[in-house]
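Subject: A structure for you to explore

Hi there,

Here is the structure I promised to pass on to you. Please open it beside this email, and then read on for what I found.

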Amino acid sequence: MTIEEKQKEIIDNLNLLEEWEDKYQYLIDISESVEPMPEELKTDDNLVKECQSRVWLSKYEKDGMIYFFTDCDAPIPKGLAATIAKILNGHSANEISKAIINFHIKTDLNLYLSPSRKVGLEGMIRRFLEIL
């Protein structure tokens, strides 16, 4: 699947859910479905500085494709980071650099995030692209 197709699938799934608690649970479920981040990667260098929660982000390459490890000490930011990773994993650096991550806008999720979570989410999105 392309980045756009993966993101559209997540948007469609989120838009099927009527309650915001269910939408948050969907994101948390995504975080539980991705490969866990090795403890040795949870360093200060891998922290997303804009987040109030401790969000770690690291990348690795396999067969010329980029993959991300994410983790967080809070469930919703952890779900947000894992969702972005799920959308971007398995693509080339060139494809990822052109990606527009907007699932949070297309589902109105951004309207239900606290101001600090919005800043943190935008910081996560930037960090995914910066570490390429």
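Is C72 buried or exposed? C72 counts as buried, because its relative accessibility is 8%. Here, buried means under 20% relative accessible area, exposed means over 50%, and partly exposed is in between, using a 1.4 Å probe and protein chains only.

Before the rest, a word on where the values come from. This is a predicted model, so local features need pLDDT of at least 70 and side-chain atom pairs count only at pLDDT 80 or more, while totals for chains, interfaces and linings use all residues. Residues are numbered from 1 along each chain as its sequence is written, and side-chain values use heavy atoms, with hydrogens and water left out.

**The cysteines**

How many disulfides does the structure hold? It holds zero, where a disulfide is a pair of cysteine sulfur atoms within 2.5 Å. C51 counts as buried because its relative accessibility is 12%.

**Two helices that pack together**

A quick note on names: helices (H or I, at least four residues) and strands (E, at least two) are DSSP runs, numbered from the N terminus. Two packed helices are described by the angle between their axes and the distance between the axes.

Have a look at helix α2 (residues 20-33) and helix α3 (residues 75-88), which pack at an angle of about 65° with their axes 7 Å apart. The axes are lines fitted to C-alpha atoms, for helices over the stretch in contact, and angles run from 0 to 180 degrees between N-to-C directions. The crossing of α2 and α3 is left-handed. A crossing gets that label if the near helix is turned anticlockwise from the far one by less than a right angle, and is right-handed if clockwise.

Which residues meet there? From α2 come Y24, L27, I28, I30, S31 and S33, and from α3 come P75, I76, K78, G79, L80, A82, T83 and K86. Contact means heavy atoms within 4.5 Å. Sorted by class, this contact has eight nonpolar, four polar and two charged residues. Ala, Val, Leu, Ile, Met, Phe, Trp, Tyr, Cys and Pro count as nonpolar, Asp, Glu, Lys and Arg as charged, and the others, Gly among them, as polar.

Also in α2 is E32, which is exposed because its relative accessible area is 59%.

**The nonpolar core**

A nonpolar core is a set of buried Ala, Val, Leu, Ile, Met, Phe, Trp, Tyr and Cys residues joined through side-chain atoms within 4.5 Å. The largest one here has 36 residues, and F68, L80, I84, L88, F103 and M124 have the most contacts inside it. Two or more residues each come from α1 (3-16), α2, β1 (55-62), β2, α3 and α6 (115-130). Which element gives the most to this core? That is α3, with eight residues.

Leaving out residues up to four places away in sequence, L88 touches I3, I66, F68, I96, A99, I101 and F128. One of these, I66, lies in strand β2 (residues 65-72) and counts as buried because its relative accessibility is 2%. With close sequence neighbours again left out up to four places away, the residues that I66 touches include K59, Y60, H91 and L132.

In strand β1 you will find S58, which is buried because its relative accessible area is 9%. The C-alpha atoms of S58 and L132 are separated by 9.7 Å, although the two are 74 residues apart along the chain.

**Some loop residues**

D63 is in the loop between β1 and β2. Its phi is positive, about 55°, although D63 is not a glycine. D63 counts as exposed because its relative accessibility is 73%.

D108 sits in the loop between α5 (103-106) and α6. Its phi is near 60°, a positive value in a residue other than glycine. D108 counts as partly exposed because its relative accessibility is 39%.

Finally, K42 is in the loop between α2 and β1 and is partly exposed because its relative accessible area is 22%. Setting aside residues up to four places away in sequence, K42 touches M37, W56 and D71.

Enjoy exploring!

Best wishes
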